[in-house]
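Subject: Handing over the model

Hi,

Here is the structure I promised to pass on.

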Amino acid sequence: MNSETLYIFFSWFFILFGIVAIIWGILLIHEIPVEIAMKNNHSQVKAIKAMTFSGLFLFPLFLAAIIWAYYDPNNPDFNKAPTNTELS
């Protein structure tokens, strides 16, 4: 095996590794709204998950899923003002 073949092998390895890493990173980022909704005990986690998956193809849907993950009209604590005792 000459050095040119070795360089070609390593270049293809790094190209494929980079592609896999980018795809994996995109999938991890697109799970953020689902994690937020689950942490906040959102009443529509499955719908947010579906919108997040659709956000892989249409980016504005991903942004809407993030907003939706924070907003839950069925949560009785949603309309309460946050109390911050650290500032007083």
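Below is what turned up, going from the whole chain down to single residues.

First, the ground rules. This is a predicted model, so local features need pLDDT of at least 70 and side-chain atom pairs count only at pLDDT 80 or more, while totals for chains, interfaces and linings use all residues. Residues are numbered from 1 along each chain as its sequence is written, and side-chain values use heavy atoms, with hydrogens and water left out.

**The overall layout**

The protein chain has four helices and zero strands, and from the N terminus on its elements run α-α-α-α. Helices (H or I, at least four residues) and strands (E, at least two) are DSSP runs, numbered from the N terminus. Of the 88 residues in the chain, 15% are buried. Buried here means under 20% relative accessible area, exposed means over 50%, and partly exposed is in between (1.4 Å probe, protein chains only). Contact means heavy atoms within 4.5 Å. Among contacts between residues at least 6 apart in sequence, 47% join residues at least 24 apart.

Two packed helices are described by the angle between their axes and the distance between the axes. The axes are lines fitted to C-alpha atoms, for helices over the stretch in contact, and angles run from 0 to 180 degrees between N-to-C directions. Angles under 35 degrees count as roughly parallel, over 145 as roughly antiparallel, 65 to 115 as roughly perpendicular and the rest as oblique.

α2 packs against α3 (residues 45–54) at an angle of about 170°, with the axes 9 Å apart, so α2 and α3 are roughly antiparallel. On the α2 side the contact is made by Pro-33, Val-34, Ala-37 and Met-38, and on the α3 side by Val-45, Ile-48, Lys-49 and Thr-52. By class, that contact has six nonpolar, one polar and one charged residues. (Ala, Val, Leu, Ile, Met, Phe, Trp, Tyr, Cys and Pro count as nonpolar, Asp, Glu, Lys and Arg as charged, and the others, Gly among them, as polar.)

And how do α2 and α4 run? Their axes come within 8 Å and cross at roughly 10°, which makes α2 roughly parallel to α4. Here Pro-33, Ile-36 and Ala-37 of α2 meet Phe-62, Ala-65, Ile-66, Ala-69 and Tyr-70 of α4. This contact of α2 with α4 has eight nonpolar, no polar and no charged residues.

**Two buried residues**

Thr-52, in helix α3, is buried, with a relative accessible area of 2%. Not counting residues up to four places away in sequence, Thr-52 touches His-30, Glu-31, Pro-33, Val-34, Phe-62 and Ala-65.

His-30 sits in the loop between α1 (3–29) and α2 (32–39) and counts as buried at 11% relative accessibility. Leaving aside neighbours within four places in sequence, His-30 is in contact with Thr-52, Gly-55, Leu-56 and Phe-62. A polar atom of the His-30 side chain lies 3.4 Å from the backbone oxygen of Gly-55.

**The aromatic rings**

A pair of aromatic rings is described by the distance of the centres and the angle of the planes. Rings of Phe, Tyr and Trp (its six-membered ring) pair if their centres lie within 6.5 Å; planes under 30 degrees apart count as stacked, over 60 as edge-to-face and the rest as tilted.

A search of the whole structure finds five aromatic pairs. One of them is Phe-13 with Phe-14, edge-to-face because the planes are at 65°, with the ring centres 5.5 Å apart. Phe-13 also forms a stacked pair with Phe-17, at 6.3 Å centre to centre and 20° between the planes. Phe-13 and Phe-17 are four residues apart in helix α1, so about one helical turn separates them. Together, Phe-13, Phe-14 and Phe-17 form one aromatic cluster. Phe-13 is partly exposed at 44%, Phe-14 is exposed at 54%, and Phe-17 is exposed at 53%.

**One last spot**

Asn-74 lies in the segment after α4 and counts as exposed, at 56% relative accessibility. Beyond its neighbours within four places in sequence, Asn-74 is in contact with Ser-43 and Gln-44.

Over to you!

How values were computed
Polar contact = N/O pair within 3.5 Å; in protein donor to acceptor, adjacent residues only side chain to side chain.
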